Amino acid sequence: MLGQSSAKIREKMIPILIIDDDVELTKLLEEYLQGEQFELTAAHDGPGGLEKALSNTYSVVVLDVMLPGMSGLDVLKQLRQKSSAPVLMLTARGSELDRILGLELGADDYLAKPFNPRELVARLRAILRRTNNAPSAAAPIHIADLELHPESRSVTCGGKPVTLTGAEFDLLYTFLRSPGKIISREDLTQAALGRPMSPMDRSIDVHVSNLRRKLGTYDGNHERIKAIRGSGYIYLLPGEQP
Amino acid sequence: MTLRTLFVKIFLCFWLAAALLIVSLNVMLWVSTSSEPNPEKRRGAFGEALNLYAESAVQVYDREGRQAFGQYVDRSRKDAGTEIDLFDGKGDPIAGPSSPDTAKVAQEIQQSGEHVSHLTSLGRLTWGRPVIAPSGKSYIFVTRLRQPYVPRQLPLTGVIFTILASGLIAFLLARYLTSPVKKLQTAVQSFAAGNLAARVTPELGNRKDELAELGREFDHMAERIQALINSQKRLLADISHELRSPLARLSVALELARKNSNEKAEPALDRIEKEGERLNKLVGQLLALTRLESGAEKISSETVMLEDLVQQIVDDANYEAKPLHKEVIVTQLQACRVIGSPELLRSAIENVIRNAVRYTPAAAEVEVCLQWKLDTAELTVTDHGPGVPESELKNIFQPFYRVSEARERSSGGAGLGLSIADRTVKLHGGTIEASNTESGLRVTIHLPLAPNHRPPDADSSHAAFSPASLASG
């Protein structure tokens with residue numbers, strides 16, 4: 001009876017890799033996440049974690065930035081060269097630089113350590129929801145020099161392909177579905193990160209600024225995405241002013 | 001270079017001393033020589049020589065005749081630049097007179113029967129005396145010496161030249177003395193600005209004097225401070241890690257406990273969670289404050305749009321204030337650009353606004369106003385709370401300061417928020433102060449504006465953003 005139910009659970013278990021040098025913490029998390037249908041595998045150093053992450057058998061990689069030997073950011077950099085596995089970063093609270101660097105290097109989301117494990121589960125679920133979205137059969141979107149293909153999740157700008165992370169793609173897709181309209185930061189967070197915005201949460205702004213940087217400007221000097229104070233962001237159509 | 005620099009001081013002092021010495025020496029010399037113009041009185045030998053000179057000249061004329069005397073006079077003029085005039089006993093000229101001076105002197109001698117000497121304006125001595133030749137004839141001998149003795153005039157060009165030369169020496173000396181001081185200053189400034197690797201000994205070369213010693217002492221000190229700051233930075237990182245790791249484990253263990261416990265344990269577990277969060281926040285604030293005060297925090301120099309930052313913080317604060325029936329309202333929001341770290345400024349302003357929200361009673365507002373005046377951005381945050389006693393206004397920026405123990409405890413503040421705001425604003429070259437208004441406490445932050453603080457005019461940017469320019473792109 002017990003064996004049968006645990007086998008059933010294992011069937012639905014989602015494999016997660018955590019790279020964190022705190023052995024006791026990973027043990028506790030393993031126990032906690034088991035109840036949430038996640039099967040946690042732990043690696044306690046950078047090179048070992050990278051090797052496991054590259055095996056592509058995990059749905060999400062949880063990566064601590066502070067690792068002995070090889071920094072978490074270096075692990076992320078090397079991982080991104082070969083794999084697009086979703087990455088959730090754990091950063092020290094107050095270390096904004098790590099956070100921004102991590103998101104720029106292609107992490108999907110971050111969580112300040114120490115974190116509430118319920119929040120960790122919510123973030124993991126959000127990432128999974130986004131990555132599990134079946135490729136959409138929706139028609140490609142053309143706006144000025146920009147082309148977005150939902151089925152292949154690819155973007156070209158001025159004919160050149162643009163490499164976007166999962167979150168950045170979803171963010172751009174949200175913008176392009178309602179160009180010229182103000183979208184609140186809450187809605188953008190929900191759409192791009194698959195979770196509600198929390199107070200003091202700046203990750204959406206980092207994603208927007210990454211997107212701006214990767215897409216460049218219209219005609220060399222006009223921003224495509226404009227911040228509207230107190231409201232959110234707007235994707236400007238060519239020749240349009242809010 | 002101002003008059004106050006050590007270089008100028010040393011240079012001027014030495015030069016002045018040297019110039020005074022040169023001038024006074026010359027004046028003394030001049031005074032001592034010109035106060036006694038009569039050479040025979042001053043120096044017997046000189047007078048004897050002149051007497052001999054007069055006698056030998058008269059003998060030449062008396063014995064060898066006019067022609068030999070003429071040759072003698074020519075030789076004297078050529079060799080020594082000395083004019084010799086000879087008059088007979090009645091004062092009538094035999095040879096000469098070569099100048100009106102000599103004629104005058106001869107006349108005086110003829111009248112007085114004594115020797116006479118005159119110092120003329122050009123510094124030439126005209127000297128004469130009656131001479132009785134061995135033949136018994138009496139003559140009057142007058143001579144004009146070109147430069148009979150040491151200058152009687154202040155040698156101005158010489159003095160000026162020596163003063164200029166001493167100026168050059170004083171300049172070199174001052175530079176030699178102050179250049180290591182300058183190097184030391186550069187090193188100290190660079191060190192104070194955060195370059196902990198700044199050293200002065202390599203700059204001083206082979207110097208071995210007291211200044212070089214000072215430089216070496218500075219280097220020793222710099223080394224120690226560098227080691228201390230580095231170890232403090234490491235310590236901060238270690239503390240951060242070591243304090244937070246147990247907290248991270250605690251929060252996971254807590255959630256596990258929740259799963260395995262019944263409802264009765266909920267309030268206690270909630271309390272554990274709340275205290276854990278409080279501890280975590282306190283650790284974060286303490287680390288932030290220590291980092292700010294140790295100078296370990298490097299301030300980035302980005303252009304920060306203060307109005308956007310303030311609006312975001314107000315939005316976030318409202319997110320937390322609304323459930324408490326409080327509201328943060330923006331009364332004015334002018335575009336202000338400042339240079340600094342957006343993250344540090346965010347936490348500083350956030351702390352001030354949160355503090356205001358905490359003390360504002362329910363159903364009341366916190367007013368936030370951002371405007372620029374001349375070259376500063378002024379942010380005021382006014383609450384409707386109880387205010388702070390006038391004498392305590394300055395103390396509220398001290399760490400862990402509490403106006404009222406009981407009230408602060410109940411409102412859950414750690415007492416570090418305003419300290420962090422204070423240190424951050426000061427690091428950005430600004431000021432922060434508190435004052436009481438009729439409604440409550442007002443905290444005013446002044447920050448220096450960026451040189452390019454005024455955003456481009458909305459109208460002009462609209463004109464530049466034309467559809468035509470985009471169609472081609």
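This is a predicted model: local features need pLDDT of at least 70, side-chain atom pairs count only at pLDDT 80 or more; totals for chains, interfaces and linings use all residues.
Val60(A), Val62(A) and Asp64(A) point one way from strand 3 of chain A, while Val61(A) and Leu63(A) point the other way. All of these residues are buried. Strand 3 of chain A is mostly covered, with five of its five residues buried.

Strand 3 of chain A, residues 60–64, pairs with two other strands. Strand 4 of chain A (residues 87–92) runs parallel to strand 3 of chain A, and four bridges link the pair. Asp64(A) has Leu90(A), in strand 4 of chain A, as its bridge partner. Between these two strands the chain passes through helix 4 of chain A (residues 72–82). This β-α-β crossover is right-handed. Strand 1 of chain A also pairs with strand 3 of chain A (residues 60–64), again in the parallel sense and over four bridges. Here Leu17(A) stands opposite Val61(A) of strand 3.

Strand 1 of chain A (residues 14–19) is joined to strand 2 of chain A (residues 38–43) by six bridges. These two strands run parallel. Ile14(A) has Phe38(A), in strand 2 of chain A, as its bridge partner.

Chain A contains nine helices and 12 strands. Of its 242 residues, 38% count as buried. Among contacts in chain A between residues at least 6 apart in sequence, 55% join residues at least 24 apart. For chain B, the corresponding share is 63%. Chain B has 14 helices and 12 strands. Buried residues account for 27% of its 473 residues.

The largest nonpolar core comprises 44 residues. Val310(B), Ile349(B), Val352(B) and Ile353(B) have the most contacts inside this core. Several elements of chain B each supply at least two of the core residues, including helix 8 (266–294), helix 9 (306–321), helix 10 (342–359) and helix 12 (417–427). Strand 9 (365–373), strand 10 (376–382), strand 11 (431–436) and strand 12 (441–448) of chain B do likewise. Helix 10 of chain B provides the largest share, nine residues. Ile353(B) touches Ile313(B), Val314(B), Ala317(B), Val328(B), Val366(B), Val368(B) and Val381(B), not counting residues up to four places away in sequence.

Strand 9 and strand 10 of chain B pair in the antiparallel sense, over seven bridges. In this pair, Lys373(B) stands opposite Thr376(B) of strand 10.

Helix 9 of chain B has 16 residues. From first C-alpha to last it reaches 22 Å, close to the 22 Å expected at 1.5 Å a residue. Its buried residues are Leu306(B), Glu307(B), Leu309(B), Val310(B), Gln312(B), Ile313(B), Val314(B), Asp316(B), Ala317(B) and Ala321(B). The cover over the buried residues of helix 9 includes strand 6 (302–305), strand 7, strand 8 (337–340), helix 10, strand 9 and strand 10 of chain B.

Key. Residues are numbered from 1 along each chain as its sequence is written. Chains are lettered from A and ligands numbered from 1 in the order in which they are written. A residue is buried if 20 or more other C-beta atoms lie within 10 Å of its own, exposed if 12 or fewer, and partly exposed in between; C-beta atoms are placed from the backbone. Two residues are in contact if their C-beta atoms, placed from the backbone, lie within 7 Å. Two strands pair if DSSP finds at least two bridges between them. A nonpolar core is a set of buried Ala, Val, Leu, Ile, Met, Phe, Trp, Tyr and Cys residues joined through C-beta atoms within 7 Å. The expected span of a helix is 1.5 Å times one less than its number of residues. A crossover is right-handed if, with the strands pointing away from the viewer, the path from the first strand over the helix to the second runs clockwise.
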